[in-house]
Amino acid sequence: MSSKKQKIAIIGTVGLPAKYGGFETLAEHLVDHMSDDYDITVYCSSKKYYKSERQAKYKNARLVYIPLEANGIQSIPYDSWSIIHALFYADVLLILGVAGAWILPFIRLFTNKKIIISIDGIEWKRDKWSRPAKWYLWWAEKMAVKYSHIDISDNESIQDYTAIRYGTLSRIIEYGADHTMSVRINTSLKSKYPFIGLPYAFKVCRIEPENNVDMILRAFEKLPKHRLVIVGNWNNSLYGRNLKEKYSVYDHIYLLDPIYNQATLDMIRGNAFLYIHGHAAGGTNPSLVEAMYLGLPVFSFGVSYNRTTTENKAKYFNNEAQLIQLINETEISEVNNVGRKMKEIANRRYTWEVISDKYKALVSEVLVSKTKPAIVPSVTLLPTETLLKHHINHLHFQKLFFEK
């Protein structure tokens, strides 16, 4: 690679090749679309890649391995170590997540490195974190926004939140979804997946309370004529194990462990009749935009993040009874119409070429920018009743909570 290229360090992923989640998929596509213009290094967790899998380069990116886990509480030292290492060579630090944000004030004080950070939704609100972890992430989010040169939100609702809490304009960049494929049914797998070829609802997610897995299962328990398939890490927690034990006895409910064969996952997902999205926290969820790109009709939990991602054109539920009502009363023609709308939105907004172009523009900007613009959002003046009417009452809650 030419030494004249600006050097970018991508920090906060498990690593490449991507096989663990949304940030890893993002990193891989940024390498695909940006490595001709920039010299890219991606940090990886050696805990997740066997020695035989580790390599000095992947595609056109240099890989650096850190001997720590990249997720959970370990992400704090993992990201911090990666950031410190990157200071010795990188022009731009692209940091995915806020775990290592405690160190950013020192970077701004003692170096001229440029910092772009994706805050990854409102991470501190996730139920999986303990109270001390939530408080750290809440504080780290503040450090991330205050001491970065540019911060990224993956959803307009998150942008609204950061504008109110911090008085700055976050940049919106979502996730791409056009890596997902429409795969024909493989009849040889029908013995393993007996629902193949029949109508079924589908969901893929981490098995956590914030994803409303229990609510969705309770609803389908009362819908014996409707099949449900959920793919997730059931054995990672007591919550997941208890749900799997309770609901595996139902003939119309299929609880599958993670599927690492992408073609198989795409076949099961792409041939579903309906996608159920239960996420209650975060911003633009990768599994949601992937379902949209496949043209699947979406029934989604009705928080503002999901409404924004789907441009308010999906069907929404807020509790078990509403989900049951949607499934029982929505006409097939309307379900199919929702699928067409989801596909149109995804084609327009959620492709990796579009996403990568947005990151390229931010890197070009951050290399010449000196200040971060401040704003005063007028939404802070709206009464609670108005916010409730437009499903954005979370903005008022955040304002009150943090000004106590």
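Helices here are DSSP runs of H or I with at least four residues and strands are runs of E with at least two, numbered from the N terminus. The model is predicted, so local features need pLDDT of at least 70 and side-chain atom pairs count only at pLDDT 80 or more, while totals for chains, interfaces and linings use all residues. Residues are numbered from 1 along each chain as its sequence is written, and side-chain values use heavy atoms, with hydrogens and water left out.

**View 1. The largest cavity and its lining.** β1 and α1 each give at least two residues to the lining of the largest cavity. That lining consists of Ile8, Ile10, Leu30, Met34, Ile40, Leu94 and Val363. By class there are seven nonpolar, no polar and no charged residues (Ala, Val, Leu, Ile, Met, Phe, Trp, Tyr, Cys and Pro count as nonpolar, Asp, Glu, Lys and Arg as charged, and the others, Gly among them, as polar). The volume is about 40 Å³. For the grid-minded: on a 1 Å grid over the protein atoms alone, a cavity is a set of points where a 1.4 Å probe fits but cannot get out, a pocket is an open set with protein on both sides within 12 Å along at least five of seven lines, and lining residues have an atom within 4 Å of a point. Points are joined across faces, edges and corners, and a volume is the space filled by probe spheres set on them.

**View 2. The second largest cavity.** Around it stand Phe23, Leu26, Ser118, Ile152, Asp154, Ile173, Glu174, Tyr175 and Tyr359. This lining divides into six nonpolar, one polar and two charged residues.

**View 3. The second largest pocket.** Here the volume is about 290 Å³. Of the 15 lining residues, Pro199, His226, Phe273, Leu274 and Ile327 lie nearest the centre of the pocket. Helices α11 (320-329) and α12 (332-349) each supply at least two residues of the lining. Its classes are 11 nonpolar, two polar and two charged.

View 4. Trp102, Phe106, Leu109, Phe110 and Trp139 make a nonpolar surface patch of about 580 Å². Patches are made of residues with over 30% relative accessible area and no salt bridge, with like charges joined within 9 Å and nonpolar side chains (Val, Leu, Ile, Met, Phe, Trp, Tyr) within 5 Å; areas come from the Shrake-Rupley method with a 1.4 Å probe, and for residues only the protein chains shown count as cover. Helix α3 (residues 104-110) gives the largest share, three residues. Trp102 sits in the loop between β5 (92-96) and α3, and is partly exposed at a relative accessible area of 33% (buried means under 20%, exposed over 50%, partly exposed in between).

**View 5. Salt bridges between separate elements.** The whole structure has 21 salt bridges, each a side-chain nitrogen of Lys or Arg within 4 Å of a carboxyl oxygen of Asp or Glu. In one of them, Lys59 meets Asp32 at 2.9 Å, N to O. Lys59 lies in the loop between β3 (57-58) and β4 (61-66) and Asp32 in helix α1, so this pair ties together parts 27 residues apart in sequence. Another salt bridge joins Arg165 to Glu141, with the closest N and O atoms 2.7 Å apart. Arg165 belongs to helix α5 (residues 156-166) and Glu141 to helix α4, so parts 24 residues apart in sequence are tied together. Arg165 is buried at 19% relative accessibility, and Glu141 is buried at 2%.

View 6. The side chains of Glu344 and Arg348 pair at 2.8 Å, N to O. These two residues are four apart in helix α12, which means about one helical turn separates them. Glu344 is partly exposed at 38%, and Arg348 is partly exposed at 40%. Both belong to a network of salt bridges that also links Glu156, Glu174, Glu311, Lys313, Arg349 and Lys358.

View 7. Leu16 and Pro17 are joined by a cis peptide bond, with omega about 0°. Pro17 is in the loop between β1 (7-11) and α1 (22-34). Asn212 has a positive phi near 55° and lies in the loop between β9 (201-204) and α6 (213-221). Asn312 has a positive phi near 60° and lies in the loop between α10 (304-309) and β14 (315-317). Asn212 is buried at 11%, whereas Asn312 is partly exposed at 47%.

Definitions and conventions: Buried means under 20% relative accessible area, exposed over 50%, partly exposed in between (1.4 Å probe, protein chains only).
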